[in-house]
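Please read it alongside the sequence and the structure shown here.

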Amino acid sequence: MQILNARFALRATATNLHAWCSPRSRTATTDSKTIDYKPIRSVLVANRGEIAIRVFRACTELGIRSVAIYSEQDRLQMHRQKADESYIVGKGLPPVEAYLSIPEIIRVAKENDVDAVHPGYGLLSERSDFADAVLKAGLRFIGPSPKVVQQMGDKVAARAAAIEAKVPIVAGTDGPITTKEEALEFCKQHGLPVIFKAAFGGGGRGMRVVREMSEVASSFERASSEALGAFGNGSMFIERFIERPRHIEVQLLGDKAGNVVHLYERDCSVQRRHQKVVEIAPAPRLDPETRKRMTDCAVHLARHVGYENAGTVEFLLDDKGNFYFIEVNARLQVEHTITEEVTGIDLVQSQIRVAEGMTLPEMGLTQDKIKAEGFAIQCRVTTEDPANNFQPSTGRIEVFRSGEGMGIRLDSASTYAGAIISPYYDSLLVKVISHAQDLAASAAKMNRALREFRIRGVKTNIPFLLNVLENQKFLNGAVDTYFIDENPQLFMFKASQNRAQKILNYLGQVLVNGPATPLATNIPPSDVKPYIPPVPLDLSPEAIKMQEMTGENTAVKPPKGFKEILTEGGPEAFAKAVRQNKGLLLMDTTFRDAHQSLLATRVRTHDLLAVAPYVAHNLHNLYSLENWGGATFDVALRFLHECPWERLEDMRRMIPNVPFQMLLRGANAVGYTNYPDNVVFEFCDMAVKAGMDIFRVFDSLNYLPNLILGMEAAGKAGGVVEAAISYTGDVSDPNKKKYDLKYYLNLADELVKAGTHVLGIKDMAGLLKPQAAEMLISAIRAKHPAVPIHVHTHDTSGAGVAAMLACARAGADVVDAAVDSMSGLTSQPSLGALVASLQGTPLDTDIPLQTVSEYSAYWEQARTLYGPFECTATMKSGNADVYLNEIPGGQYTNLQFQAFSLGLGSQFEEVKKAYREANLLLGDIIKVTPSSKVVGDFAQFMVQNKLTASEITARAEELSFPKSVVEFFQGAIGIPYGGFPEPLRSKILKDMPRIEGRPGQELPPLDFTKLKQELQENYPGVTDQDVMSAAMYPQVANDFFRIRDKYGPVKHLDTKTFLVGPTVGETIEVKIERGKTLDIKTLAISDEMTAAGEREVFFELNGQLRSVFIRDDQASKEMKIHPKAVKGDKNQVGAPMPGTVLTIKVKEGDKVDKGQPIAVLSAMKMEMIVQAPRAGTIVSVAITNGQKLEGDDLICTIE
């Protein structure tokens, strides 16, 4: 308290010293006017935010005590902390009304020994009754006299004064009008266009331009309503609208002695919705003669009305140099800052000195001494979303980092991490002011400063401001009020990535609510960081210099492989080289089918890319790397929250020398359903462009029409066509006659005839015994000696290595294998075992066993990260009973997981038996995805309902079968070899429709352009690859887009962190791109929940404290929280912005047309009509009048 008293004593001394040095308590006579000087000791600012702080700073420099007022909603705002004292006003009143309560403000001033009141701008600053009340209370008003405030605040009276002073004006109403009928009458008499303006306020509130007579009434009502809400009076002023003007305003300063000077002008032409966005001082490219006439008119008008203190006269300037009076702002302007910068004059201190009684000459402010130096620009950074029609953005500022440096000034208030941006007040966040010798240099400083800003948690208009600053017309100073409207490129934004904060939100989500992807077992991911085997480094001078610059080592270029042959000679040359290769070639399945079989397809790009350089350098002579397609596509989207296309491109970048192979399900592409033909062709084309080389094309029923469509699509895209025959049965068993050797040879003939480059044998269940392998491959090789043969199998029985060696000796060119630590069980045979078995033989793979060992060591450690999906939790060894049940490898482990999760673990043997029975009931079909799913669903249906095969046959007409079984019998995935079993098919389908021929041939082409437009409504940044993902998996892709928008590039997290989150106290590194690494330390999770059911999670990001609020899904179930509209659900209408519900236009049961008003919201003094996005019926209305909404809160549901 002693320190505080000493501080005030020091300020009082400064004030008295200044008063003694000045003409203290003197009576000066100027032009027959007596002026008393009386020092001001304390100032109350009847305002909030940055302008309040601006005045407090001026007071502090003058040694004057500052007093703040604040509403209940503003109790945490910075302006009350910047003042020497602060007091609440309007307790119990709504947010804006608290600052409009004149009696309350006067009470606070009187009770706390205040000398003077500064109104700031907005709120009560142009209310003459407020100025009058201040004076009548014995206080001083820092501004014009009440009479002048009233005269200049009334646009009609101001207009009359301008006419008297012979200042040019435009046609307008003689007085304020209050009805739409008066507005219509004026428009009919004077014509259109016209502009409506609030008669008792400015700042663009209540302003509308009307060009059509049919819009006059509605525009008047909306403008009047806005004016009433902003200024307490809905009266309007109308005048003719001048096309293409520049908006120029002259800054004035007058004293009590009648002296008036101008401080030059500002160009405020860059406006949106009649609100200034960017201001420049002085106005560029303004003719000096026009400037003189304009400033002379402004000074003359001010003298004519007896203006004192600071004020602005605004003009419209047309392209011929004619200017017209608009209005007088009898207050300080938001953009006063740039005038201060170019003139060096502190306008706020000048205001206070004038209120004390000092004259302009005494302050050294005569016109001849006021000069404008250089150019200053002010940008208003607002919490508005420019990509969403500048809708207000409210909430908590999670991150705030400002742009500073030479020539930059910041005027702000709530600009710090943790600040709450409410919907109750203006959206202005910070004013950024640049000053330099010329306009271009000033714009460059501003551009640099804005780019330094980092604001997270709320949207800002910074992207829009940057576009303005880089526009050539702006840089040339050639702007008018149409500038924004006529430059649509200003609204083309590169979305802020906000990666760090999004990743923190993901980590917080996992910490509060648990894993974001379902975990299948209780085995936790290990803490191990897999050792990545090194690759040779480039030690050339150029590489060393690059390392010094980037801090990263550069690997030497990997050796050439088959990819180069394919690139240079095309698919035919590639196939020829494969056929001519002397040893056995191998395809490594570790990057796809191995982890699909063993780890539920959950291996992430993060761990694939870590070992990719080693593969490129040491396994360059592989036939191919199987790394894409099949189940990896939808699992990446669904569970790993990764884009499969990005994975493919990233792998291609890291492994440029080894061909990539993918699994293409014929006409089903990488989906489980039928697609229009153009989708399959487009998919293959995009895959090749993203880095795919070889398409192993198959059909789950070996149905040729489906298979050949996939072949044609892959071939047209420029890929290597590897048509695959799906193998089942046993060609070495003469008792199995359906799928005999003749069947497979006929299929091979058809595929070779169709133009396949490579012939594949796809043994999904691992049924190909060594003897059968020798028979099958020998027979095909004899018929087709020039065609490469590639064999794929699974090692479920344990005989995989033997079978593949038999294939090799019988003439196969390529067989599949997985690296040792990812082989066996339902995966592929061991890569190391095949390499070792063939060393020193004519079929030597030419792959060093030590290389395989190093590669395997990495995966042995990496596999432990995926404990939650480890198949060995339930499957301890291979099982030769696969020859009986014929369950495909990948499906075997999935069925076992499902059985355990359903409590049927002890009945898995029953499931396997049922699988065999189901297969026979279906006609003994080929079992590959998706046909294998049909058999699996059928089997589980039988076990759960305790049905035998005979009971199924007997009761088929009364049972409700799984959807996949019904669709199979309808022909949805094609026609099985030998046809559908009767009478079972007829009993199940009854009178349901049947599909004849290829299922997809009747589907109309997909309109990709339309699909992209629909996606862009919710996700503006979607790529063509995203569109294709949505074409394959509509709902899965939509969920992925939503998660990507919310959580960012989670693929950069290490696997343990991604799955279960970090531990408190743990520090992790997240490399989001080259040269950009995030150091994240988890500090704490709050035990307390907010009213919205959220917990605060604290982090340290690169040494700075950050926190995020995460809704506790479990705990918040017991709380009443307004539902959110589901993004992408076209039936749900969400609040486009936070705000208060003013009017509800519909009720439950109403029929609405597209575009029909549903509700009216108000936020930050702006009203918005929420329109129906589609025609339909209102099913439910989730809001009430007066309710406060957050962004995306559910308003109603339409069907």
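A residue is called buried when its relative accessible area is under 20%, and exposed when that value is over 50%. The model is predicted. By this cut-off, 7 of the 7 residues of strand β29 (residues 720-726) are buried, so β29 is largely enclosed by the rest of the structure.

- Strand β28 (residues 694-697) pairs with β29 in the parallel sense, over 4 bridges.
- Within this pairing, valine 697 has alanine 723 of β29 as its bridge partner.
- The chain passes from β28 to β29 by way of helix α25 (residues 704-716), and this β-α-β crossover is right-handed.
- Strand β30 (residues 758-762) also runs parallel to β29, and 5 bridges join the two strands.
- Alanine 724 stands opposite glycine 760 in β30.
- From β29 the chain reaches β30 through helix α26 (residues 741-753), in a β-α-β crossover that is right-handed.

- Strand β4 (residues 65-70) is mostly covered, with 6 of its 6 residues buried.
- Arg65, Val67 and Ile69 point one way from β4, whereas Ser66, Ala68 and Tyr70 point the other way; all are buried.
- Strand β3 (residues 42-45) runs parallel to β4, and the two are joined by 4 bridges.
- Leucine 44 has valine 67 of β4 as its bridge partner.
- Helix α2 (residues 49-62) carries the chain from β3 to β4, and this β-α-β crossover is right-handed.
- Strand β5 (residues 85-88) pairs with β4 in the parallel sense over 4 bridges.
- Tyrosine 70 stands opposite isoleucine 88 in β5.

**Helix α7**

- Helix α7 (residues 146-153) is mostly covered, since 6 of its 8 residues are buried.
- The buried residues of α7 are Pro146, Val148, Val149, Gln151, Met152 and Gly153.

**An open antiparallel sheet**

- An open sheet is formed by 4 strands in the order β37-β44-β42-β39, with antiparallel pairing.
- At the edges stand β37 (1132-1134) and β39 (1151-1152), each with a single partner strand, so one side of each is left without a neighbour in the sheet.
- The antiparallel pairing of β39 with strand β42 (residues 1176-1181) extends over 2 bridges.
- In that pairing, the bridge partner of lysine 1151 is threonine 1177 in β42.

**Cis peptide bonds**

- Threonine 929 and proline 930 are joined by a cis peptide bond, with omega about 10°.
- Proline 930 lies in the loop between α33 (908-921) and α34 (931-944).
- Glutamate 982 and proline 983 are likewise joined by a cis peptide bond, with omega about 10°.
- Proline 983 lies in the loop between α36 (963-970) and α37 (984-989).

**Positive phi at residues other than glycine**

- Glutamate 886 is not a glycine, yet its phi is positive, at about 60°.
- Glutamate 886 is placed in the loop between α31 (882-885) and α32 (889-901).
- With a relative accessible area of 8%, glutamate 886 is buried.
- Lysine 946 also has a positive phi, of about 50°, although it is not a glycine.
- Lysine 946 is found in the loop between α34 and α35 (949-955).
- Lysine 946 counts as exposed, at 74% relative accessibility.

Conventions: Residues numbered from 1 in each chain as written. Predicted model: local features only at pLDDT ≥ 70, side-chain atom pairs only at ≥ 80, totals over all residues. Heavy atoms only, no water. Buried < 20%, exposed > 50% of the residue type's maximum accessible area, 1.4 Å probe, protein only. Pairing = 2+ DSSP bridges. Right-handed = clockwise from strand over helix to strand, strands pointing away.
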